[in-house]
Number of protein chains: 2
Amino acid sequence: MSKPKGFEKPTGFRDYTPHVVSKLRTIERNVLECMERWGYRQIITPTIEYYDTVGVASSTSDRKLFKLLNSRGTTLVLRSDLTAPIARVVSSMLKDEQLPLRLSYHANVFRSIEEEAGREAEFFQTGVELVGDDSPEADAEVVALAIASLQAAGVSSFKIAMGHMGFLNGLLEEVIPGQTTEQEQLKEGLLGRDYVGYRQSIEALNLEPKLKEQLEAILRLRGGKEVCTHAVELSSSDEAARSIAHLCAVFEVLEAYGVSEHVLIDLTMIGDFSYYTGMTFEGYAAELGSPVCSGGRYDNLLQQFGRSLPATGFALKTNRIIDGVHGIVIEEKKPVLIQYSPKRRAEALTEAARLRSMGQNVVTLLLPEDRAGASAVSAGATTDQAEQVITYGSEEGGGR
Amino acid sequence: MSKPKGFEKPTGFRDYTPHVVSKLRTIERNVLECMERWGYRQIITPTIEYYDTVGVASSTSDRKLFKLLNSRGTTLVLRSDLTAPIARVVSSMLKDEQLPLRLSYHANVFRSIEEEAGREAEFFQTGVELVGDDSPEADAEVVALAIASLQAAGVSSFKIAMGHMGFLNGLLEEVIPGQTTEQEQLKEGLLGRDYVGYRQSIEALNLEPKLKEQLEAILRLRGGKEVCTHAVELSSSDEAARSIAHLCAVFEVLEAYGVSEHVLIDLTMIGDFSYYTGMTFEGYAAELGSPVCSGGRYDNLLQQFGRSLPATGFALKTNRIIDGVHGIVIEEKKPVLIQYSPKRRAEALTEAARLRSMGQNVVTLLLPEDRAGASAVSAGATTDQAEQVITYGSEEGGGR
């Protein structure tokens, strides 16, 4: 255990310099404004929650939660997502509000990374939750809003892959009923997009050819709306059929939104949150292999907080967008420099105030030759950073 | 140790409902934009820092720091202010940037409150640091910017009390040289504004009348610019004289800014941050007894991170402003409700997109009579929340 050096910060944590903050803030503002246009209102929840409530309800594995103890010895966690905290708020502070509830957020979340190289332990998510509506319209609304949000964030080229937990659950239960461990193993192969591993797991089951083919056929269920037809043919499970009917209805609403060109149906896709119960989706930008947004329906989470309500939502992975997508280009606005002699200080500062009130960025500087003693401030350095230099020198009227 | 209920959150932590978030976001945006006009660029630092570096350098007492351990057993802290983290960044990532550096932030900070009633364990600060300039101009700039920031935050009636650590240190060292414990005791009386306690501490020193009077006279050093003259007469210490000359120069620059009407000189004032070395100030709003902003000069902090540079800055206590000051009034913008039958969905959603692109907030709803099964969504409830209702009913052309 070596002592950290003075200027070090913990592994996985990050400083954002002004240029990156400008980009992050622009995305944050554009996306939150977009969500507001769709009727979503922002909430803010605490950074710290109880482990026994929000910590357990979150889908983050226990070893990835940041834990601490309060003075009473109760275990607390740093939030690992916003869905569980918002479920808590909906079940308490907002319990008398009319349904459906449309809520948005932009927040930092935490995952303990155990010193894995290159992973972030703290990062930003910008998202929504739509609570109290179980219809395909509601699922389509969050997918359409995810598309609008990605566009607002400057992501121009992307695809949304949309699946359904119920289809896979129904089909697996039909083919290998009750074999929970084997079902989980197959799902993990799909979750990790490890199709070789998935096929090996099928082989290991020693199924009769028809059943084996049923499981292998899942891998082909990726594409346009026609996937729904193929999926229906593949399974005679009620749950699978209901799920596909719902997904097909969601797709039709997305056609009405005029955004279905961005959407693929992908029944091999499993959302990586354990609380998903229905439709799930992920967004992929052209520049990046890992998703820039993810979402889905979670109809059983709120009852853990004492209020049984259906809900659906998504979050943008905002850090991946600022780092990996060449969407929003920030032009740094250089300030005007106003430098002055002590005599003309009031005149110079009045001009600075006038320019600022017009929206100009202005920095002011007492002329170095008028400064007492040695100063760290170099006039040359400061003028280099300025777009324009206005000088109120020692002679009246001079310098401008 | 009782198990928390499902909907509970830890003591001292807070949920912000949409109405309060609107107010907080408006203040945040207005103040950060104001700071940008003055040439300050935003940075973001991690929520978590090393205890041995930023934790120790912060002015928060050890028992008020939130601590946790990483997987290597190193102690981490949740940041308790932004001044120490920014000093770390200035000494590392920004070490090659030209001086002076003007940096701004809006961030949440943490103080362990040991279950004290009514105190917040997590709250927001919005502030700046001006690094690399030790002149009175720099101190005046941050005071003038604090005034502009309070105005941008909607605080209309306030006073800034401005003091100087060096004056008090010089005077105390002159009157009771080397008596560190006694000096600290007197300072604590002033810090807590406990003037009775301060006088008792003086009595306990058994000083000759002239020295006793010198210490008592400090309590009268509150008022306008004339306080500087009285202060100079009170002490023959070099440090006190230098400090008063600096403070007087700061006041003169504030006169040139045209904001000295907001400023009182108060030499009884001690900033509550242990790292302050020079001018300190606090802002008081008419509505509140406790300060809404505080700041000051800290010329010795950066050397703890390996870079010796003078610095000055301030932070707004943003939560006190949202809760205690009746400045910014947020009018909730009710959305337009567009409800539709399945047949006319595309038409309705196209109209929703058009209105949103014009800046209107719009929520959409499939007409309840067209919904399958029991739904939690009540049409009546939704129409109550809308400013206007547009219906695309089952008959073509009807409803609008």
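Helices (H or I, at least four residues) and strands (E, at least two) are taken here as DSSP runs, numbered from the N terminus. The model is a predicted one, so local features are described at pLDDT of at least 70 and side-chain atom pairs count at pLDDT 80 or more, while totals for chains, interfaces and linings use all residues. Residues are numbered from 1 along each chain as its sequence is written, chains are lettered from A in the order in which they are written, and side-chain values use heavy atoms, with hydrogens and water left out.

The size of an interface is often given as the accessible area lost when the parts come together. For chain B and chain A that buried area is about 8,300 Å², and carbon and sulfur atoms give 56% of it. (Buried area is the accessible area, with a 1.4 Å probe, that two parts lose on being put together, summed over both.) Asp15(B), Arg37(B) and Ile44(B) supply 8% of what chain B buries against chain A, more than any other three residues.

Polar links run across the interface too. There are 24 residue pairs in polar contact between chain B and chain A, both residues at pLDDT 80 or more. A polar contact is a pair of N or O atoms within 3.5 Å; within protein, one must be able to donate a hydrogen and the other to accept it, and residues adjacent in sequence count only if both atoms are side-chain atoms.

Salt bridges come next, each being a side-chain nitrogen of Lys or Arg within 4 Å of a carboxyl oxygen of Asp or Glu. The structure holds 48 of them over all chains, and the count between chain B and chain A is eight. One such pair is Arg88(B) and Asp15(A), at 2.8 Å from N to O. It crosses from helix α3 (residues 83-90) of chain B, where Arg88(B) sits, to the segment before α1 (18-37) of chain A, which holds Asp15(A). Arg88(B) counts as buried at 0% relative accessibility, and Asp15(A) does too at 6%. (Buried means under 20% relative accessible area, exposed over 50%, and partly exposed in between, with a 1.4 Å probe and protein chains only.) Salt bridges that share partners join Lys9(A), Asp15(A), Glu49(B) and Arg88(B) into one network.

Another bridge pairs Glu28(A) with Arg25(B), their closest N and O atoms being 2.6 Å apart. Glu28(A) lies in helix α1 of chain A and Arg25(B) in helix α1 of chain B, so this pair joins two chains. Glu28(A) is buried at 5% relative accessibility, as is Arg25(B) at 15%. Glu332(B) and Arg41(A) also meet in a salt bridge, at 3.9 Å from N to O.

Within chain B, Arg102(B) and Glu141(B) form a salt bridge of 2.8 Å, N to O. This one links distant parts of the chain, with Arg102(B) in strand β5 (residues 101-110) and Glu141(B) in helix α4 (residues 136-152), 39 residues apart. Both Arg102(B) and Glu141(B) are buried.

Gly154(A), with a positive phi near 90°, follows α4(A).

The backbone has a few other details to look at. The peptide bond from Leu99(A) to Pro100(A) is cis, with omega near -5°, and Pro100(A) is found in the loop between α3 (83-90) and β5 (101-110) of chain A. In chain B, a cis peptide bond joins Leu99(B) and Pro100(B), with omega about -5°. Asn206(A), although not a glycine, has a positive phi of about 50°; it lies in the loop between α7 (195-204) and α8 (209-217) of chain A, and is exposed at 73% relative accessible area.
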